[in-house]
Amino acid sequence: MVNFIKQLLFLLGYIFHHNHNSKIIYYHDCGKEYSWMGTPMDLLKRHFEIVRESHYEFVPEINKHEGQVMVCFDDGWAGIYDHKDFFVSQNIYPTVFIAVDLIGSKKHLTVEQIMELYKLGFRFEAHTWSHKSLDTFNYEELVHELKDSKEELERIFHQPFNAICYPQGHFTHKVHDLCQKIGYKKQYSSINGAYDDLEDKGIICRNCNQYSSPREFKWMLNGTSHIFRQRLLKLHLRPSRF
């Protein structure tokens, strides 16, 4: 019954909110070797086929209201490196959000692998220092998570880091304001929707698809994501601790 209701909601979203607006799709890893959150490559490849069949263009960064899809991976799991040749062959260069503490840890990308991917055209952005939920920190700890991680990544890459993704999707109004103050020009969420649905709040929507069946993925890509946006916004926007 639960699955039936879910499928019905997806279908209704597709019917009543059908659109071709630009969207971000995100995953955690390629395959199941390193993480239970990984997406089997056969499924990932089918998702990408559906993107092209639906007449979207893969882009490294969205700059149009309609017709573009940006691919992201969170955390920097090692499976991304193992399948780098596939992405290059498809001319798809994902953005990988990396937490400083995870670099080189078990089953995650090393600095050397990150730099190799970067030279191939993969993009990297900030995912804080420890990858812990940002609503759990006091002010001093939050500055460390946001500012120190930005500076460390800039030291590694020798270039500015201007975007951040909230770990576990959680954030507060204080987090949002501090990110802006520190210099993050873009803040990526885990809230479903088209790329610019929450533009007035300075937050970018992304759609998690790591478990989506091909049918669910097609419905999401073409409109279903809209119906979950407000619910996910309520779940992810947390009260501030200070």
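Modeller: Let us begin with the side chains of Glu152 and Arg155, which meet in a salt bridge with an N to O distance of 2.7 Å. This is a predicted model, in which local features need pLDDT of at least 70 and side-chain atom pairs count only at pLDDT 80 or more, while totals for chains, interfaces and linings use all residues. Residues are numbered from 1 along each chain as its sequence is written, and side-chain values use heavy atoms, with hydrogens and water left out.

Biologist: Why is the contact of Glu152 and Arg155 called a salt bridge?

Modeller: The term requires a side-chain nitrogen of Lys or Arg within 4 Å of a carboxyl oxygen of Asp or Glu. The pair has an N to O distance of 2.7 Å, and therefore the name applies.

Biologist: What separates Glu152 and Arg155 in helix α6?

Modeller: They are three residues apart in that helix, which means a separation of about one helical turn. Helices (H or I, at least four residues) and strands (E, at least two) are DSSP runs, numbered from the N terminus.

Biologist: Why does Glu152 count as partly exposed?

Modeller: Buried means under 20% relative accessible area, exposed over 50%, and partly exposed in between (1.4 Å probe, protein chains only). Glu152 has 21% relative accessibility, so it counts as partly exposed.

Biologist: Which other pair in helix α6 is separated by about one helical turn?

Modeller: Lys147 and Glu151, four residues apart in helix α6 (residues 139-157), form a salt bridge at 2.6 Å, N to O. Lys147 is partly exposed at 35% relative accessible area, and Glu151 is also partly exposed, at 41%.

Biologist: Are Arg206 and Asp74 buried or exposed?

Modeller: Arg206 is buried, with a relative accessible area of 0%, and Asp74 is buried at 3%.

Biologist: How many salt bridges does a search of the whole structure find?

Modeller: The search finds nine. Arg46, Glu49 and Glu53 are linked in a network of such bridges.
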